[in-house]
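Keep the structure in view as you read.

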Amino acid sequence: MDKDLASIVLTEEQITQKVNAAAAWLDERFKDALTPPLAISVLKGSVFFFCDVVRAMKTKTQIDFMTVSSYGNSAETSGVPKIVMDLSASVHGRDVILIEDIVDSGHTLVRMKDLIIGRGAKSFTVVALFDKPARRQVDIKADYSCFETGDEFLVGYGLDYAQQYRTLPYVGILKREIYEK
């Protein structure tokens, strides 16, 4: 375990089980789709989860990436998500799957939904690794969440603090003294 963590909350095995469940849920949801859905990863946090989910899916998908930032190097959201890198593919008339690492305040998810639907997507489905309802500031949630968590500061498996800890193969709780300096 990394020395900056208070504890590990999810092992690699637990994550793999939920990734496979999320992929199976998406396969069922899009089994009758006439065209491959477009799966979008919100970089950088969801990239590990995204790759694992789309590889586990039996449904053919196309992929694209966006970078949306609301944290920067802070432990607190700014509440104003900013699109740093936009999609290269058109979403018009497409089934879109947004694969997120965590739904926290909800501001980023609202921004993404408004953007994708506003661009003419046929449908908008959200799969999240974590749902953190205790921190929700707007009325929105993922269509499928692998885990619900409290107000702990989680890192690992894509989740970061100040661009660190993303590559840990498990998820842990970051010690308070690390982010309250």
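Predicted model: local features only at pLDDT ≥ 70, side-chain atom pairs only at ≥ 80, totals over all residues.

Residues are numbered from 1 along each chain as its sequence is written, and side-chain values use heavy atoms, with hydrogens and water left out.

Start with the overall fold. The chain has four helices and nine strands. Here helices (H or I, at least four residues) and strands (E, at least two) are DSSP runs, numbered from the N terminus. Read from the N terminus, the order of elements is β-α-β-α-β-β-β-α-β-β-β-β-α. The radius of gyration is 16 Å, close to the 16 Å that the globule rule gives for 181 residues, so the chain is as compact as a globular protein of that length. That radius is taken over C-alpha atoms, and the rule is 2.2 Å times the number of residues to the power 0.38. Along the principal axes, the C-alpha atoms fill a box of roughly 50 × 35 × 25 Å.

Next, look at contacts and surface. Contact means heavy atoms within 4.5 Å. Among contacts in the chain with a separation of 6 or more, 68% are between residues 24 or more positions apart. The accessible surface comes to about 9,100 Å², and 50% of it belongs to carbon and sulfur atoms. Such areas come from the Shrake-Rupley method with a 1.4 Å probe; for residues, only the protein chains shown count as cover. Of the 181 residues, 49% count as buried. Buried means under 20% relative accessible area, exposed over 50%, and partly exposed in between (1.4 Å probe, protein chains only).

Now go inside. In soluble globular proteins, nonpolar side chains tend to be buried together. A nonpolar core is a set of buried Ala, Val, Leu, Ile, Met, Phe, Trp, Tyr and Cys residues joined through side-chain atoms within 4.5 Å. Which members of the largest core touch the most others? They are Phe49, Val53, Phe130 and Val171, out of 27 residues. At least two core residues come from each of α1 (12–29), α2 (47–56), β5 (95–103), β6 (123–131), β7 and β9 (171–174). Helix α1 gives the most, with five residues. Apart from this core lies another, of 20 residues, among them Val91, Val96, Val103 and Met112.

Zoom in on phenylalanine 49. Beyond its neighbours within four places in sequence, its contacts include Val19, Ile99, Val127, Leu129 and Cys146.

A disulfide is a pair of cysteine sulfur atoms within 2.5 Å. The sulfur of cysteine 146 is 15 Å from the closest cysteine sulfur, in cysteine 51, too far for a bond. Cysteine 146 is buried, at 5% relative accessibility. Cysteine 51 is partly exposed, at 31%.

Finish at threonine 149 and aspartate 131. Threonine 149 sits in the loop between β7 (144–148) and β8 (154–155). It is buried, with a relative accessible area of 12%. Aspartate 131 lies in strand β6 and is buried too, at 10% relative accessibility. Aspartate 131 touches Thr149, and also Arg136 and Ser145, among others.
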